[in-house]
Amino acid sequence: MPSIHSEILVQKNYSASANEFLQRRPALFIDNEWITSTNGTLIPVVDPSSGKEIACIVESTSHEVDLAVSAARRAFDDGRWSNLPAEQRERALHRLADAVEAKSEELAELEAIDSGKPKNMVASVDIPAAIRTLRYMAGWPSKLAGELQLHPEASPSEFHAFTRREPVGVVAQIIPWNFPLLMLVNKIAPALAAGCTLVLKPAELTSLTALRFADLVQDAGFPAGVINIITGSGTGAGEMLSRHPDVDKIAFTGSTAVGKLINHAATESLKRVTLELGGKGPVILLPDADLQTAIPAAAQAIFFNSGQVCVAGSRLFAHSSVFDQVIEGLAGATQFWTPRAALDPEAIMGPLVSQGQKDKVLACISEGQKAGATVAVGGDCPEGEGFYVNPTVLVDVKPEMSVVRDEIFGPVLVAQRFDDFDDVVAAANDSHFGLAASVWTKDIGTMHRAIAGIKSGTVWGNCHGVMGPGLPMGGYKQSGFGREMGREGVEAYTELKTAMIKLQ
């Protein structure tokens, strides 16, 4: 008889609709049509909960990348999207949101099968957030406007000066594997709101929901060529998109190492670039923090999505007066985050996305131990065929250790003591990342001092990971540049033009 623990790691049977989708012939969505591969090269799709191959996707060739970019180019240049009245573009985005909502159950299952994210978490977090983003961005086409300007040395009766916001053009968007559907929507919605056309490439590990989403694009009635979705590897299709001469802007979310390569490739034609890259988020628990709230929140900040989150709270700084209590609480909280198969209705945390990611995380833990870190809880993986790693807390760590400095992208928390406020802010900033952080205190003055002192694109107070489509997201330092979401995220897909007219 298998143990109870091993039983929860066994993937459940797929639904009939999921099986039907998985049996579809691999293809690319270009110019509102499904295009089969020209050379037959395929990439296997593996269910992280079982480790089994379940389908294949196309490895796009240079010819197919050209087809997709050309379709987007035609659609932009003839104005079939950017010249539509704002109301029509808004309605199209709302129809897309309606389509996602109508297919939410199916999308949640495909996401769970493909990425290892628990289906219930996708259904309660990712998909509602995607729908909110589509609806929020649907409001922007009628609100992107320039401003009337006055020349300081000229009379308004002599000159009429103003600025215009215009769509940047054809956009290539490359998204990561940790939030496949949500990241897709976060990329395409502001670009479409601005009037751009696009080619999107999902991560080769998690392309299923992007392909299913293409069906919804057809259903929503988008003009041909406005949204094109191709699949393939980062070194293949991703690099070709980054260098393509007819692409005007690159938007990438992923690792800092890959972001640097994309940024370098984009310089050949001076493409506009937005990069949302890695993080090593500090979570600072000051001595007056409400620990009943802060401890489970700190656990969620690192164990949610198996730690595969760019804004994960992976570096914990707890004041010496509460450190031992915090570690004890975190050790107990890991029971809640026991890994389960993604389709298990009780799953809160699933497997990592791939065998390679599992191997990397375990290697990081081992390296930390060799450097002197102590495993307070976890540090191993449960028995099972999938790519599971138990939630892990490391103590006795030092700032120079790789587990403290490098992004692990797994359910691994490194915990450190501190005594002085200025010292902990300096320690939080002692990183080449600067994406997100959180501070826990009842003192509003101290909270504001921390927010001002921490070099990070986002600082949460007495919470972690709370986001919304109106809030700009981006990083300092090597966590990237540019902002996504909010007004800034839409304007990132525009060019600003100045007009100066001498009145006759």
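The accessible surface of the protein chain comes to about 20400 Å², and 52% of this belongs to carbon and sulfur atoms. Areas follow the Shrake-Rupley method with a 1.4 Å probe; for residues, only the protein chains shown count as cover. The model is predicted: local features need pLDDT of at least 70, side-chain atom pairs count only at pLDDT 80 or more, and totals for chains, interfaces and linings use all residues. Residues are numbered from 1 along each chain as its sequence is written, and side-chain values use heavy atoms, with hydrogens and water left out.

**Overall chain**

Of the 504 residues, 56% count as buried (under 20% relative accessible area, 1.4 Å probe, protein chains only). The chain holds 17 helices and 22 strands. These are DSSP runs, numbered from the N terminus: helices are H or I of at least four residues, strands E of at least two. The C-alpha atoms fill a box of roughly 75 × 60 × 40 Å along the principal axes.

**Strand β7**

Five of the five residues of β7 (residues 170-174) are buried, so this strand is largely enclosed by the rest of the structure. Val 170, Ala 172 and Ile 174 lie on one side, Val 171 and Gln 173 on the other. β7 pairs with two strands, as tabulated; pairing takes at least two DSSP bridges.

| Partner of β7 | Bridges | Sense |
|---|---|---|
| β8 (residues 197-201) | five | parallel |
| β10 (residues 249-253) | four | parallel |

Gln 173 stands opposite Ala 251 in β10. Val 171 stands opposite Leu 198 in β8. From β7 the chain crosses through helix α7 (residues 180-194) to β8, a right-handed β-α-β crossover. Right-handed means that, with the strands pointing away from the viewer, the path from the first strand over the helix to the second runs clockwise.

Terms used:
Buried means under 20% relative accessible area, exposed over 50%, partly exposed in between (1.4 Å probe, protein chains only).
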